[in-house]
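This briefing collects computed features of one structure, grouped by topic. Please read it alongside the sequence and the coordinates.

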Amino acid sequence: MPLPSCSTDLSGRPHHRIRHTTGRLTGILVLTCSLALAACTSLPRTPYTANEASASRVLEIDGLRRYADDPVTKFSFDKNISTATRSYLALSGGGADGAYGVGVLNGWTAARTRPTFSVVSGVSTGGLIAPFAFLGPQYDDTLKEVYTSGIAESLLNDPSIMRVLFGSGLFGNTRLRELVARYVGPEILAQVAREDHKGRKLLIVTTDLDTQRTAIWDMGKIAAVGTPEALKLFRDVMAASASIPLVFPPIMIDAEGQGRKFQEMHVDGGVTAPVLTLPEALLFQGSRLPGSAKFDIYILVNKKIERNFELVSNGTIDVASRSLSAITQSQTRSIIFSTYDFARRNRLGFHLSYIARDYPAPPSEGFDTAYMRALYQYGYDKAASGQAWSSTLP
């Protein structure tokens with residue numbers, strides 16, 4: 001599960017992830033698309049308008065998702081935060097470095113201080129972790145298996161240049177879909193629905209490429225529908241949240257608006273939101289939290305967020321990788337700093353965990369299982385010893 005979202009910095013990956021994990025693949029992408037751009041074709045789609053997009057819904061049900069830039073009034077704070085929420089876990093993107101977050105969660109369980117979260121949000125690799133973190137320690141072993149057994153390495157096998165030229169990604173998404181389906185079935189759906197009925201919320205983020213908006217999916221509400229179509233949508237949202245542009249094809253989600261049916265194009269949530277804490281209207285427009293909510297915000301960042309010096313090679317791929325890294329790191333820090341300021345204004349608890357700047361970089365082979373196991377253990381040990389969380393900014 002972590003691996004689908006770790007080969008590009010567009011989802012908030014550290015810069016070394018591109019060069020060490022998919023440096024050659026990225027080079028192939030750039031070279032191929034530059035030399036054969038004329039040969040590239042797009043797959044046909046049913047056209048739809050901006051007005052139809054603004055009125056769209058899925059499964060013919062309203063309210064299965066919101067957008068990060070929606071007005072505060074579109075979010076049910078009075079019901080879900082003021083009275084029900086006591087703790088909120090926000091899981092960032094980070095690809096294979098999601099092993100850190102899984103280690104923190106499992107170490108937290110071992111320390112016997114892990115809360116039952118009222119809200120869990122996940123982006124990219126965090127979106128793949130989120131349902132299991134939401135359901136609690138009973139799925140700690142499942143997450144450990146996915147992130148440390150080597151099972152996810154196959155996701156980036158068998159690249160195909162033909163997919164780049166005549167499709168929409170270097171790798172097919174069959175294995176990604178199969179991996180999600182292997183671990184997310186009707187039982188998970190039923191459990192998420194039961195927790196949603198109690199007032200808890202599970203949110204997963206995707207990027208709607210057609211509208212360029214950050215979609216926040218209410219996974220509990222989807223699960224509560226309980227149909228095979230709802231299970232498919234639940235899985236599709238998880239896969240879409242981890243589908244890196246160019247590397248994996250986008251996930252097409254059936255929608256309807258103003259009486260017309262069409263498909264929306266969704267990709268990695270980290271393209272627009274490396275981590276989701278609160279809606280943009282609260283973070284960036286000076287709004288205050290409605291009501292008298294009191295809760296703790298835990299931001300679990302599956303990557304390094306502190307600036308570091310590195311002499312960058314004067315080559316196209318290295319310059320592009322480092323530039324994208326700087327952009328996404330800046331985005332992540334901006335969200336963290338804004339959340340910290342918001343928490344202080346509203347007297348909320350603020351807790352942050354991330355990979356230390358001096359933690360060793362991964363080996364050049366790519367999604368190395370030994371690296372992920374070591375990173376898992378690093379996160380586990382920090383949490384088990386009570387040292388994973390800080391209440392101050394980096």
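The side chain of S243 has a polar atom 2.7 Å from the backbone oxygen of A239, a polar contact in the sense of N or O atoms within 3.5 Å, where one must be able to donate a hydrogen and the other to accept it, and where residues adjacent in sequence count only if both atoms are side-chain atoms. The model is predicted: local features need pLDDT of at least 70 and side-chain atom pairs pLDDT 80 or more, whereas totals for chains, interfaces and linings use all residues. Residues are numbered from 1 along each chain as its sequence is written, and side-chain values use heavy atoms, with hydrogens and water left out.

- S243 is found in the loop between α11 (228–241) and β6 (251–257); helices (H or I, at least four residues) and strands (E, at least two) are DSSP runs numbered from the N terminus.
- The relative accessible area of S243 is 0%, so the residue is buried (buried means under 20%, exposed over 50%, and partly exposed in between, with a 1.4 Å probe and protein chains only).
- Not counting residues up to four places away in sequence, S243 touches L176, F248, P249, I251, V267 and D268, contact being heavy atoms within 4.5 Å.

- Strand β6 is largely enclosed by the rest of the structure, because 5 of its 7 residues are buried.
- Strands β6 and β7 (residues 260–268) run antiparallel and are joined by 7 bridges; two strands pair if DSSP finds at least two bridges between them.
- Across this pairing, E256 stands opposite K261 in β7.
- The two strands form a hairpin with 2 residues between them, and Q258 in the turn has a positive phi of about 55°.

- Most residues other than glycine have a negative phi.
- S124 has a phi near 60°, a positive value in a residue other than glycine.
- This serine lies in the loop between β3 (119–123) and α5 (125–135), and S124 is buried, with a relative accessible area of 0%.
- R347, also not a glycine, has a positive phi of about 55°, and R347 belongs to the loop between α13 (316–345) and β9 (349–355).
- R347 is exposed, at a relative accessible area of 71%.

- K221 is found in helix α10 (residues 219–225) and is partly exposed, with a relative accessible area of 33%.
- A polar atom of the K221 side chain lies 3.3 Å from the backbone oxygen of D62.
- Leaving aside neighbours within four places in sequence, K221 is in contact with D62, G63, L64 and D196.
- K221 and L202, 19 residues apart in sequence, have their C-alpha atoms 8.8 Å apart.
- D296 is found in strand β8 (residues 296–304) and is partly exposed, with a relative accessible area of 28%.
- The contacts of D296, apart from neighbours within four places in sequence, are R86, S87, Y88, G349 and H351.
- Between D296 and H351, 55 residues apart along the chain, the C-alpha separation is 7.5 Å.

**Aromatic rings and charges**

- A search of the whole structure finds 12 aromatic pairs; rings of Phe, Tyr and Trp (its six-membered ring) pair if their centres lie within 6.5 Å, and planes under 30 degrees apart count as stacked, over 60 as edge-to-face and the rest as tilted.
- In the pair Y359 and Y378, the ring centres are 4.6 Å apart and the planes are at 40°, so the pair is tilted.
- Because Y359 lies in the loop between β9 and α14 (369–384) and Y378 in helix α14, this pair ties together parts that are 19 residues apart in sequence.
- Y359 is buried, with a relative accessible area of 12%.
- One aromatic cluster is formed by Y100, Y359, Y371 and Y378.
- R200 lies over the face of F134, at 4.1 Å from the ring centre, given that a charge sits over a ring if NZ of Lys or CZ of Arg is within 6 Å of the ring centre and within 35 degrees of the ring normal.
- The charged end of R213 sits over the ring of Y67, 4.1 Å from its centre.

**The chain as a whole**

- The secondary structure of the protein chain comes to 14 helices and 9 strands.
- Of the 394 residues in the protein chain, 57% are buried.
- Among contacts between residues at least 6 apart in sequence, 80% join residues at least 24 apart.
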